Amino acid sequence: AMAEQRKSLYERLVLKEKIAVLKRAKAMTVLEEELVRTQNLCRQLTEIADSGAVLPGLTTPLALRSANHYGMQVHEQLTTASNRTDFLEDELAERQRLLAEAMNRHRKISEKQAEQAKQQRQEKADKALEAIPAKRSV
């Protein structure tokens, strides 16, 4: 009975760690998608900033002022998106590390569970052998 309890405990632990691995993997997928979106936004904003550096034909003070204002807004958005990219890259690296740890724990517990099952089979086999009456040597 004690061996069965230990077995079910290991099974629950293996399942718990497997769920942890899946959750971490899913969280990473969400972060990776967010990172791609942010990187695309950075690229688009950079293109806008580059193309709108000086527009030909802008001569009136109002036109120049509004172009300057627009350029500053683009620059601010680009800075924000760039910071967000840095944050997401750091976050992804940390999540990658946590995922690796969870996978390691899952592997170790799975190995322990397999070891335990092997030991239990061996004990059963030994008991079965003991139950067989030994032949008497004449």
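Valine 30 is found in helix 1. Keep in mind that this is a predicted model, in which local features need pLDDT of at least 70, side-chain atom pairs count only at pLDDT 80 or more, and totals for chains, interfaces and linings use all residues. Residues are numbered from 1 along each chain as its sequence is written, and side-chain values use heavy atoms, with hydrogens and water left out.

Back to valine 30: at a relative accessible area of 47%, this residue is partly exposed. The cut-offs here are under 20% relative accessible area for buried, over 50% for exposed, and partly exposed in between (1.4 Å probe, protein chains only). Between the C-alpha atoms of valine 30 and leucine 92, which are 62 residues apart along the chain, the separation is 10.0 Å.

**The overall picture**

The chain has two helices and zero strands; helices (H or I, at least four residues) and strands (E, at least two) are DSSP runs, numbered from the N terminus. With a radius of gyration of 32 Å, well over the 14 Å that the globule rule gives for 138 residues, the chain is more spread out than a compact globule. That radius is taken over C-alpha atoms, and the rule is 2.2 Å times the number of residues to the power 0.38. Along the principal axes, the C-alpha atoms fill a box of roughly 120 × 25 × 15 Å.

Among contacts (heavy atoms within 4.5 Å) with a separation of 6 or more, 95% are accounted for by residues 24 or more positions apart.

As for charge, the chain carries 24 positive and 20 negative charges, and their mean positions are 11 Å apart. Lys and Arg count as positive and Asp and Glu as negative, while His and the chain ends are not counted. Each charge is placed at NZ of Lys, CZ of Arg, CG of Asp or CD of Glu.

**The nonpolar cores**

A nonpolar core is a set of buried Ala, Val, Leu, Ile, Met, Phe, Trp, Tyr and Cys residues joined through side-chain atoms within 4.5 Å. The largest one has eight residues: Val21, Met28, Leu31, Leu35, Leu88, Leu92, Leu99 and Ala102. Helix 1 (2-51) and helix 2 (61-131) each put at least two residues into this core. Another core lies apart from it, with five residues that include Cys42, Val74, Leu78 and Ala81.

Leucine 88 sits in helix 2 and is buried, its relative accessible area being 0%. Not counting residues up to four places away in sequence, leucine 88 touches Leu31, Glu34, Leu35 and Thr38. Look at leucine 31 with the neighbours within four places left aside, and the contacts are Leu88, Glu91, Leu92 and Arg95.

Glutamate 17, in helix 1, is buried too, with a relative accessible area of 7%. Beyond residues up to four places away in sequence, glutamate 17 touches Ala102, Arg105, His106 and Ile109.

**Some distances to check**

Here are a few C-alpha to C-alpha pairs to look up in the model.

| Pair | Apart in sequence | C-alpha to C-alpha |
|---|---|---|
| Leucine 88 and glutamate 32 | 56 residues | 8.1 Å |
| Alanine 49 and glycine 71 | 22 residues | 6.5 Å |
| Aspartate 126 and glutamine 39 | 87 residues | 63 Å |

Two residues in the table deserve a word. Alanine 49 has its place in helix 1 and counts as partly exposed at 33% relative accessibility. Aspartate 126 is found in helix 2, and at 33% relative accessibility it counts as partly exposed.
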